[in-house]
Amino acid sequence: QVQLVESGGGLVQPGGSLRLSCAASGPIFRINAMGWYRQAPGTERELVARITSSTNTNYADSVKGRFTISRDNAKNTVYLQMSNLKPDDTAVYYCNADVLDFFASRRDYWGQGTQVTVSS
């Protein structure tokens, strides 16, 4: 069973930085796109950033210029560097990966979520 495990969330003051990590493990043959989503209380889950296997990226307008997504294919890990954080960035952040496993099954996997709170 493929699993995604996130780390790096926490409490930070406005203007601060955090780096989220998400490591995938299990019978992985190839990981296609990976991404970060977030969900604040009372809202729908939204895309924050996404990176393809060829490292093409796209970002939500609200985080452009402040967040950077990257990946390490050797470690099956995706990162989200967040800078100049704002209270509106407060949410649970979820990692997502489009995985092809060794049994030729392809599907989306989600992490358990990590809380990011931006507050003074």
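Mentor: One term before we begin: strands here are DSSP runs of E with at least two residues, numbered from the N terminus. Keep in mind too that this is a predicted model.

Trainee: OK. How many helices and strands does the protein have?
Mentor: Zero helices and eleven strands. Reading along the sequence gives β-β-β-β-β-β-β-β-β-β-β. The radius of gyration is 14 Å, close to the 14 Å from the globule rule for 120 residues, so the protein is as compact as a globular protein of that length.

Trainee: What does the C-alpha trace span along its principal axes?
Mentor: About 50 × 25 × 25 Å.

Trainee: And what share of the residues counts as buried?
Mentor: 43% of the 120 residues. The accessible surface comes to about 6,300 Å², and carbon and sulfur atoms hold 46% of that.

Trainee: What about contacts between residues 24 or more positions apart?
Mentor: They make up 55% of the contacts that have a separation of 6 or more.

Trainee: Switching to cysteines. How many disulfides are there?
Mentor: The count is one disulfide. Cys22 is joined to Cys95, with an S to S distance of 2.1 Å.

Trainee: Which parts of the chain does that pair tie together?
Mentor: Cys22 is in strand 3 and Cys95 is in strand 9, residues 91–101, so the pair ties together parts that are 73 residues apart in sequence.

Trainee: Is the link left-handed or right-handed?
Mentor: Left-handed, with -80° about the S-S bond.

Trainee: Are the two cysteines buried or exposed?
Mentor: Cys22 and Cys95 are both buried.

Trainee: I also have Met34 marked. Where is it?
Mentor: Met34 sits in strand 4, which covers residues 28–39. Its relative accessible area is 1%, and the cut-off for buried is under 20%, so Met34 counts as buried.

Trainee: What is Met34 in contact with?
Mentor: Leaving aside neighbours within four places in sequence, the list includes Ala49, Arg50, Ile51, Ile69 and Arg71. Asn76, Val78 and Asn96 are also among the contacts of Met34.

Trainee: What is the phi of Thr55?
Mentor: Near 65°, a positive value in a residue other than glycine. Thr55 is placed in the loop between strand 5 (46–51) and strand 6 (57–59).

Trainee: One more topic, charges. How far apart are the mean positions of the positive and negative ones?
Mentor: 5 Å, for 12 positive and 10 negative charges.

Note on methods:
Residues numbered from 1 in each chain as written. Predicted model: local features only at pLDDT ≥ 70, side-chain atom pairs only at ≥ 80, totals over all residues. Heavy atoms only, no water. Helix = DSSP H or I, 4+ residues; strand = E, 2+ residues; numbered from the N terminus. Rg over C-alpha atoms; globule rule 2.2 N^0.38 Å. Buried < 20%, exposed > 50% of the residue type's maximum accessible area, 1.4 Å probe, protein only. Contact = heavy atoms within 4.5 Å. Areas by Shrake-Rupley, 256 points an atom, 1.4 Å probe, with all protein chains shown as cover. Lys, Arg positive; Asp, Glu negative; His and termini not counted. Charge placed at Lys NZ, Arg CZ, Asp CG, Glu CD. Disulfide = S-S within 2.5 Å.
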